[in-house]
Amino acid sequence: MAKPSTSLLKRRLDIAEIVRKNGEIKVDDLAEMLTVSGVTIRNDLNYLEQQGYLKRSFGGAIYTAQQGAPVAQPRELTAVVDKVLEAEIARQAAALISEDETVFLGPGSILRKVIPFLTGYGDLRLLMNDLAHVCFAQEFLTGEKILLGGVLSGDGNRVEGEVAVNALRHYRPSRTLIAVDHIAEDGTLSVRDAQSARLLGEAVGQSKHLITIVANRPVYGEKRYAVGQLAQVSGLITPQVVAAEYHSRFLAVGLSNSYTNNECLTWLNPALQKVK
C-alpha cells in the first residue's frame with residue numbers, strides 16, 4: 001500500500017484548520033483555495049471525518065465543535081481538546097521519537113494522531129494495545145508493527161492483562177508515549193482507567209525514555225491510578241492552559257520549555273532527552 005506523502009498530510013491538516021476557522025465550507029471553495037480537484041477534496045474530507053476532525057455536509061463540511069453545542073464555551077473552561085490542537089500535540093510528540101526505536105504507543109485517540117507523523121520512520125518498531133491504532137499503523141508505517149496479546153478490555157477497544165504485560169516485557173520498549181489525566185503535587189502521573197493503569201505502569205518502568213501528553217486540565221475529585229512519576233519524563237507536551245496549571249511542578253523536576261507555538265508547548269528534561 002502506498003504511503004501518504006508529507007504534502008498529503010499537510011493538506012489534510014490545512015483543511016481541518018480551514019473548516020475550524022470557517023465553521024462550514026463547500027468542497028468547491030476548498031478545491032479553489034488548495035488548487036486541487038473536487039474529487040481530491042472529497043477524499044480528504046472523508047478521511048478527516050473518520051478521524052473526528054469534521055462532519056460531512058451536503059457539498060462540503062462542518063466543524064465538529066458546532067454539533068450539539070449552540071453556544072461554544074471558552075477553551076480554558078472545557079475538558080475537550082480542539083481537534084486541530086490535538087494534531088499539533090501529536091506533531092510535537094512525534095518529533096521526540098527516533099526512527100530506530102522500539103516504541104510503545106499507549107491507547108487513546110490523541111495518541112493515534114501521532115502515527116501519521118511517523119511516516120518514513122522505516123526502522124521504527126511500534127508496540128500497541130489499542131485495537132484502533134492498528135489500521136493507522138498499517139496505513140502509515142513500514143516498520144514492524146506489533147499488537148500485544150491479552151484479554152480484551154470491557155469496552156472491547158484494548159488488550160490488557162497478564163499476557164499483554166508479559167509481551168511488553170519481552171519486547172522491552174526503548175521509549176513509551178502515553179497520555180495521562182493528572183499530575184499530583186508529588187509528581188505522580190495518573191490515569192482514570194484502572195484496567196489501563198497496570199499496563200501503562202509496566203511500559204513506563206520498562207522504557208528508558210517516557211514521553212507524556214497531558215491534554216486536559218485536571219478534574220478534581222476523580223478516582224485515579226498511578227502509572228509513573230514526573231521525574232521519569234524525558235519529554236512532555238501540553239496545551240498552554242494546562243501548562244499554566246502544572247508549571248511549578250514541571251520546573252521542580254527539571255523540565256524546561258524547549259518549544260512553544262500559539263497552541264501548545266513541549267517540555268524536555270535535558271538529562272533524559274536530547275534536543276533534536
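In which sense do β2 and strand β3 pair, and over how many bridges? In this predicted model, β2 and strand β3 (residues 60-63) are joined by four bridges in the antiparallel sense. Within this pair, Leu54 lies opposite Tyr63 of β3. Strands of a sheet pair through backbone hydrogen bonds, and the pairing may be parallel or antiparallel.

The two strands belong to an open sheet of three strands, arranged in the order β1-β3-β2 with antiparallel pairing. The edges are formed by β1 (24-26) and β2 (54-57); each has a single partner strand, so one side of each is left without a neighbour in the sheet. From one strand to the next, the twist averages 25°.

Two helices pack on this sheet. Helix α2 (residues 27-34) touches β1, β2 and β3, and its direction makes about 75° with that of β1. Helix α3 (residues 38-50) touches β2 and β3, and its direction makes about 135° with that of β2.

Strand β11 covers residues 188-191. Thr188 and Ser190 point one way from the strand, whereas Leu189 and Val191 point the other way. All of these residues are buried.

Strand β10 (residues 182-183) runs antiparallel to β11 and is joined to β11 by two bridges. Across this pair, His182 stands opposite Ser190. The hairpin of β10 and β11 has four residues between the strands, and Gly187 in this hairpin adopts a positive phi near 90°.

Strand β11 is also paired with strand β13 (residues 225-229), again in the antiparallel sense, through four bridges. Here Val191 has Tyr225 of β13 as its bridge partner.

Thr212 lies in strand β12, which spans residues 209-213. Is Thr212 buried or exposed? Its relative accessibility is 0%, and Thr212 therefore counts as buried. Apart from neighbours within four places in sequence, Thr212 is in contact with Ile178, Val180, Leu189, Val233, Gly235, Leu236 and Ile237.

The largest nonpolar core comprises 49 residues, and Leu177 and Ile213 have the most contacts inside it. Helix α4 (residues 83-94) gives the most to this core, contributing seven residues. With neighbours within four places in sequence again left aside, the contacts of Ile213 are Ile89, Ala93, Ile110, Leu111, Leu177, Ile178, Ala179, Val180 and Ile237. A second, separate core has 32 residues, among them Phe104, Val204, Val227 and Leu236.

## Packing of helices α7 and α8

Two packed helices are described by the angle between their axes and by the distance between those axes. For helix α7 (residues 162-171) and helix α8 (residues 194-206), the angle is about 10° and the axes are 10 Å apart. Angles under 35 degrees count as roughly parallel, so α7 is roughly parallel to α8.

Which residues of α7 and α8 meet? From α7, the residues are Glu162, Ala164, Val165, Leu168 and Arg169; from α8, they are Arg198, Leu199, Glu202, Ala203 and Gln206.

Conventions: Residues are numbered from 1 along each chain as its sequence is written. This is a predicted model: local features need pLDDT of at least 70, side-chain atom pairs count only at pLDDT 80 or more; totals for chains, interfaces and linings use all residues. Side-chain values use heavy atoms; hydrogens and water are left out. Buried means under 20% relative accessible area, exposed over 50%, partly exposed in between (1.4 Å probe, protein chains only). Two strands pair if DSSP finds at least two bridges between them. Axes are lines fitted to C-alpha atoms, for helices over the stretch in contact, and angles run from 0 to 180 degrees between N-to-C directions. Contact means heavy atoms within 4.5 Å. A nonpolar core is a set of buried Ala, Val, Leu, Ile, Met, Phe, Trp, Tyr and Cys residues joined through side-chain atoms within 4.5 Å. Angles under 35 degrees count as roughly parallel, over 145 as roughly antiparallel, 65 to 115 as roughly perpendicular and the rest as oblique.
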